[in-house]
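Me: Hi! I've just opened a structure I've never looked at before. Could you walk me through it?

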Amino acid sequence: FMQETAANRIGLSNRQTVLLIVIGAALWLLAAIILRLISPMGALEGTARFITYALVIPGTLPFVLLTKILVKLLPSQLFTGVAVATTTALLIDGIVIAWFPAVYGGTLPQVTNCAATILWGAGVGLFLAFMLNKEPSK
């Protein structure tokens, strides 16, 4: 696919960076599909929102770990890698909210609830990666 090269300015190879961008877009799509399906059921409103937000925490951890494995991130690269994937997802989220809000649903509350949950998941992913990141080997 891509030749493994020296680290770029953020300490990742170009191959890792491209894979992280692809993974970020794929995870955004997965989240958007799930949220679009559960939002009409009321899962993002009232008390159910607390449950959904709570479930995002353990639900995000496997994707952080899977990203580390798929991209072959060193323990010290985890936060940076997840930040690249998360940035990709957040950029897509911003574009969808501005120009394609119907992706998230037909009403403004549904759109904002889906977008807010994407933001929450992004923060959770970054927090988990920060907590799991290790110092570089000396």
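**The pocket and its surroundings**

Reply: Happy to! Let's begin with the largest pocket: helix H1 gives the most to its lining, with 9 residues. Keep in mind as we go that this is a predicted model.

Me: Which helices each supply at least two residues of that lining?

Reply: Those are H1 (14-38), H2 (46-71), H3 (78-99) and H4 (108-132).

Me: And how many residues line the largest pocket, and which lie nearest its centre?

Reply: The lining has 26 residues. Leu27, Ala31, Thr60, Phe63 and Gly121 are the ones nearest the centre.

Me: What volume does the largest pocket have?

Reply: About 660 Å³.

Me: How does the lining divide into nonpolar, polar and charged residues?

Reply: There are 17 nonpolar and 9 polar residues in the lining, and no charged ones.

Me: OK, zooming out. How many helices and strands does the chain come to?

Reply: The chain has 4 helices and 0 strands. Its pattern along the sequence reads α-α-α-α. With a radius of gyration of 16 Å, close to the 14 Å that the globule rule gives for 138 residues, the chain is as compact as a globular protein of that length.

Me: What does the C-alpha trace span along its principal axes?

Reply: Roughly speaking, about 50 × 30 × 20 Å.

Me: And what share of the chain is buried?

Reply: Buried residues account for 34% of the 138. As for the surface, the chain exposes about 8200 Å², and 74% of that comes from carbon and sulfur atoms.

Me: What about contacts between residues that are at least 6 apart in sequence: what share of them join residues at least 24 apart?

Reply: That share is 72%.

Me: Let's switch to single residues. Where does Lys72 lie?

Reply: Lys72 sits in the loop between H2 and H3. Its phi is positive, about 60°, although Lys72 is not a glycine.

Me: Is Lys72 buried or exposed?

Reply: Lys72 has a relative accessible area of 61%, and exposed means over 50%, so Lys72 counts as exposed.

Me: Last one: where is Thr80 found, and what does Thr80 touch?

Reply: Thr80 is in helix H3. Leaving aside residues up to four places away in sequence, Thr80 touches Ile10 and Leu12. Thr80 is partly exposed, at 26% relative accessible area.

Me: And how are Thr80 and Ala43 placed?

Reply: They are 37 residues apart along the chain, and their C-alpha atoms are separated by 31 Å.

Note on methods. Residues are numbered from 1 along each chain as its sequence is written. This is a predicted model: local features need pLDDT of at least 70, side-chain atom pairs count only at pLDDT 80 or more; totals for chains, interfaces and linings use all residues. Side-chain values use heavy atoms; hydrogens and water are left out. On a 1 Å grid over the protein atoms alone, a cavity is a set of points where a 1.4 Å probe fits but cannot get out, and a pocket is an open set with protein on both sides within 12 Å along at least five of seven lines; lining residues have an atom within 4 Å of a point. Grid points are joined across faces, edges and corners, and a volume is the space filled by probe spheres set on the points. Ala, Val, Leu, Ile, Met, Phe, Trp, Tyr, Cys and Pro count as nonpolar, Asp, Glu, Lys and Arg as charged, and the others, Gly among them, as polar. The radius of gyration is taken over C-alpha atoms; the globule rule is 2.2 Å times the number of residues to the power 0.38. Buried means under 20% relative accessible area, exposed over 50%, partly exposed in between (1.4 Å probe, protein chains only). Contact means heavy atoms within 4.5 Å. Accessible areas come from the Shrake-Rupley method with a 1.4 Å probe; for residues, only the protein chains shown count as cover.
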